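Subject: Handing over the structure

Hello,

I am passing this one on to you, and I hope you enjoy looking through it.

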Amino acid sequence: MTDSASTGAALARRYEDVLVITIDHPPVNALSAAVRADLAAAVRDAQADPQVRAIVLTGAGRNFIAGADIREFGKPPQPPILPNLCNQIEASAKPVVAVLHGAALGGGLEVALAAHYRVALPGARLGLPEVTLGLLPGAGGTQRAPRLMGAQAALDLMLSGKHLSAEEALDAGLVDSLASESDALDAGLAYARQLLALRGGPRRTRDATAALADKPAALAATDAAADRVARTSRGLFSPARIVEAVRAAIELPFDEGLGVERALFLQCLDSPQRAGLVHAFFAERETAKIPELKQARPRGVERVGIVGGGTMGAGIAVAVLDAGLPVVMVEQDDAALERGRARVAHVYDLLVDKGRMRADERAARLARFTGSTHYDALADADLIIEAIFEDMDAKLAVFAQLDRVAKPGAVLATNTSYLDVDRIAAATRGPADVLGLHFFSPANVMKLLEVVVGRQTAPDTAATGFEFARKLRKIPVRAGVCDGFIGNRILAAYRQAADMMMEDGASPYDIDAAVRAFGYPMGPYQMMDLAGGDIGWATRKRRAPTRDPALRYVQIADRLCERGWFGQKTGRGYYLYPDGARQGQQDPDVLAIIDAERLRAGVRPRPYTQEEIQRRYLAAMINEAANVLRQGIALRPSDIDVVALSGYGFPRYRGGPLHYADSVGLPAILADLREYAKEDPAFWTPSPLLVELAGAGRDFTSLNRAA
Ligand code: 3HC
Ligand code: NAI
């Protein structure tokens, strides 16, 4: 073994006649300019070194290479650019073996595809997830992957962004061999030595023909993919370009195909969707950076108690069981407990029925579940989550009980959607141990978790909430105490804007269509029909005595609820659902009710364009988000974006409401708000933060950097 060069981001070391180049660029070996330069130099030097007969590429740390350096997108490209580096590797006169462990994703997999041989270690994850960032594989991936795995499989990989295991990658033809050893260096050296012994030389992926030999079948696969993309990719820019690039791989010589890929990649790189999706990627990783985690260590959570086994309690129980922790559920009586247990079991039954879970896995999870009608059963729990119905007095009574039975140091959490966490905490002798854990429905599926930090919540209690979220593979967002925290508070504002437009002349169907056209999977009235109008109605009735008389109150929803029209579950709401249909139909009776309400309220209806509906809806959302930020309810603008993206269906490619506001320009949003405020100053008064930022020529992104 001799060292030939030590280059910082890529270390080249010779083991007799094999040169091992190790990419060492924490945290994930992303292909930044320094890595590319070092790799290019090492491969070039190896060509000239007569002692080197084969090259092995490996990654240091937990991954091979996680892909291009996402932070470089949108900045001027630094040579060598990745496609050229890949071509250089492929052109090596000495065989190159890539040894894949951990993540080999995006540009990382493309480097491997340009190598001549690929060995995967157990646990390796291979994928081309560029589509999730609004991109396509832009370093030869769209040309090389189809040549190894065929058009159909390559399209599936690139359009889904999914990861393949080492075994799946072997089956698909992406790798040549699975290593039995878990050490990348040993595996690479063993493979290279064997190769040299067999006189194996460079074998270039660009020359592979077998997987695309049946050209009509390959073209048919791209046609089918193009159809599927047109139907399902809802306004996304890059999927259709991926299909186009694969078509070029089938029809054109390799270098021309690369040219097509490059042009399409640059189009994607320039698109606002890429900027939105990359923002979302980093925003999701920022949320866990909270001051409390710097001040305190989380408390250990080994056993979890849940009070209430309704929709949320059962969903939370499943999420906790899925994370490998035991759960004890407390309900008010045996019948309710049995219903709670049945809800939990039902989730697993469905998974088993669909073949997505084995029966023994179901049994193992349910074995960790116990139930009781006595609070004493919670005495061992490290964390107790209350999920009873939304009623302050009932919750205060539960917390008084928890205070009695919980062991010292146990963290007590409420899943309340709106209620004052500080008041709930005050019902206990240890308010420092209390916080809100606001899950979203279905709690075992939805990734978002608002961690509500109250006035007296201790730093280690907050840290425990974040660590618990990590165990549950949720995206935690820190929220302060206010009515509705981050998400529901902002939701209330844009729903109010929608209701006002409805009374002023837009139909609920127009509003839903405009919101869908913006990129939401469904509009607010479809959403209300799905969730059930009765929940909101109960809240409105409860709040009626304290409602601000200066704020306009649109009564249309009340008129529907008075008729028992609660949405899908009652067969009608804003839409009609004949015979249990899930897709609603427009309802002339609803339009008549709205007309009557307009008359009663003395409103002369006027038409709304789709654009105006979208602008008002977004302006209300952005304005309230600015207030939430100003009051410190959210730590940073990007946290609000994450809440909207992962809890409320905001289109991911638009990056979230505040990223979107920046892309439109804050002066334009402010001008809209000032215009609307002429009609209704109480609702539309611009947030002082928005006024300040627009006045200073700043945007929300500048606050992200400061956070
Ligand atoms: N570029 C720059 N930074 C990256 C990165 C990348 N490709 N991938 C991850 N990071 C950063 C994260 O932002 C995070 O930074 P932080 O600590 O400052 O917050 C840090 O690395 C660790 O990341 P994770 O928290 O995500 O670590 P995990 O261990 O949970 O996951 C991973 C590791 C599976 C590699 C995950 O980070 C991931 O999926 N990364 C992105 C993979 C990807 O999309 N690659 C394609 C890039 S596009 C491309 O290659 C274009 C090409 O075709 C030309
Ligand atoms: P639910 O009505 O489905 O379930 C409430 C359960 O609590 C019932 O099973 C009831 O028997 C039980 N319960 C009531 N009092 C109890 C007590 N003293 N001790 C033990 N059990 C008791 O309600 P849901 O929808 O599950 O909501 C629960 C909480 O979660 C509420 O605070 C709600 O605001 C919040 N939430 C609800 C969401 C949703 O989409 N449904 C989303 C996020 C939060």
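Below is what I found, beginning with the ligand and ending with an annotated span.

Please keep in mind that this is a predicted model.

**Around ligand 1**

Ligand 1 is surrounded by 28 residues, and the closest of them are G107, E110, E130, R285 and K289. By class, this shell is made up of 16 nonpolar, 8 charged and 4 polar residues.

Some polar contacts are worth a look in your viewer. The side chain of E110 has an N or O atom 2.7 Å from an oxygen atom of ligand 1. For K289, a polar side-chain atom lies 2.8 Å from an oxygen atom of the ligand. G138 takes part through its backbone instead: a polar backbone atom there is 3.1 Å from a ligand oxygen.

On its own, ligand 1 has 990 Å² of accessible area, and the protein covers 78% of that. The biggest contribution comes from α11, with 3 residues.

**The annotated span**

UniProt, in an unreviewed entry, lists residues 304–479 as "domain: 3-hydroxyacyl-CoA dehydrogenase NAD binding". In the model, this span is 42% helix and 20% strand, and its end C-alpha atoms lie 22 Å apart.

Happy exploring!

Note on methods:
Residues numbered from 1 in each chain as written. Chains lettered and ligands numbered in written order. Predicted model: local features only at pLDDT ≥ 70, side-chain atom pairs only at ≥ 80, totals over all residues. Heavy atoms only, no water. UniProt positions renumbered as here; feature names shortened; annotations may be inferred. Helix = DSSP H or I, 4+ residues; strand = E, 2+ residues; numbered from the N terminus. Near = heavy atom within 4 Å. Polar contact = N/O pair within 3.5 Å; in protein donor to acceptor, adjacent residues only side chain to side chain. Areas by Shrake-Rupley, 256 points an atom, 1.4 Å probe, with all protein chains shown as cover. Nonpolar A, V, L, I, M, F, W, Y, C, P; charged D, E, K, R; others polar.
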